Amino acid sequence: MNRFVLILAAFISTSALAQGADIVAGIPDIPLMPGFTEAVDETVIYDKPEGRIVFASASNSAARYSSVLDYYRTELLERGWLERRALWGDMAFQRTGELLEINIEPMDGIIPASPLSDTVGVRVSFQLSPL
């Protein structure tokens with residue numbers, strides 16, 4: 001029975017990737033929000049016995065800051081990540097010995113006078129590290 005479950009899980013994962021399910025490079029269990037383009041040339045991955053460290057980013061010129069917050073909060077909580085207070089960035093999540101921090105900023109790098117939640121055109125940075 002366990003063997004069947006593992007084979008089925010592998011098939012589903014492979015099928016999802018084959019259908020173009022976008023994920024953040026180096027962090028296969030984190031979805032890339034639809035409409036975002038990842039800056040793959042800026043991705044840095046360290047894989048060590050103590051755990052993996054990943055820096056990745058993506059942007060979307062039409063996305064709103066608030067919709068990105070809502071998307072990742074919903075998606076990550078559904079995937080078993082627990083939200084915790086962010087030390088760096090806008091959001092932080094913890095799961096199985098890893099910490100994921102997410103920062104959202106305007107694409108042009110200029111902090112607007114209006115609330116950041118109204119900002120359109122954002123860049124999302126992901127930082128994954130062992131606890």
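1. In which strand does Phe126 lie? Phe126 belongs to β9, and since this is a predicted model, that placement, like the others in this note, should be read as a property of the prediction. The pLDDT of the protein chain averages 81, and 78% of the residues score at least 70. Residues 1–20 have a pLDDT below 50, and in the model this stretch makes 2 contacts beyond near neighbours in sequence.

2. As to the overall layout, the protein chain contains 2 helices and 9 strands, which follow one another along the sequence in the pattern α-β-β-β-β-β-α-β-β-β-β. Of its 131 residues, 34% count as buried, while the chain exposes about 7,900 Å², of which carbon and sulfur atoms supply 58%. Among contacts with a separation of 6 or more, 53% are between residues 24 or more positions apart.

3. The largest nonpolar core has 26 residues, and the members that touch the most other members are Ile30, Phe36, Val68, Tyr72, Leu100, Ile102 and Phe126. At least two residues of this core come from each of β2 (27–31), β5 (51–64), α2 (65–78), β7 (91–95), β8 (98–106) and β9 (120–130), and α2, with 6 residues, gives the most. As a general background to such an arrangement, nonpolar side chains tend to be buried together in soluble globular proteins.

4. Is Phe126 buried or exposed? Phe126 counts as buried because its relative accessibility is 2%, against a limit of under 20% for that class. Leaving out residues up to four places away in sequence, Phe126 touches Val24, Ile27, Ile30, Val54, Phe55, Ala56, Ser57, Tyr72, Leu100, Glu101 and Ile102. With Ile30, Phe126 forms a pair 96 residues apart along the chain, whose C-alpha atoms are separated by 9.7 Å.

5. Ile102, which is listed among the core members that touch the most others, is in contact with Tyr72, Leu76, Trp88, Gly89, Asp90, Met91, Phe93, Val124, Ser125 and Phe126 once its neighbours within four places in sequence are set aside. Asn103 is classed as buried because its relative accessible area is 18%, where the class requires a value under 20%. Apart from neighbours within four places in sequence, the contacts of Asn103 are Trp88, Gly89, Asp90, Arg123, Val124 and Ser125.

6. Which residue in the hairpin of β1 and β2 takes a positive phi? Gly26 does, with a value near 85°, in a hairpin that has 2 residues between the strands. Strand β1 (residues 23–24) runs antiparallel to β2 and is joined to it by 2 bridges, and Ile23 has Pro31 as its bridge partner in β2.

7. A second hairpin joins β4 to β5 through 2 residues. Here β4 (residues 44–48) and β5 run antiparallel and are joined by 5 bridges, with Asp47 of the pair having Arg52 in β5 as its bridge partner.

Key:
Residues numbered from 1 in each chain as written. Predicted model: local features only at pLDDT ≥ 70, side-chain atom pairs only at ≥ 80, totals over all residues. Heavy atoms only, no water. Core = buried A, V, L, I, M, F, W, Y, C linked by side-chain atoms within 4.5 Å. Buried < 20%, exposed > 50% of the residue type's maximum accessible area, 1.4 Å probe, protein only. Helix = DSSP H or I, 4+ residues; strand = E, 2+ residues; numbered from the N terminus. Contact = heavy atoms within 4.5 Å. Pairing = 2+ DSSP bridges. pLDDT = per-residue confidence, 0-100. Areas by Shrake-Rupley, 256 points an atom, 1.4 Å probe, with all protein chains shown as cover.
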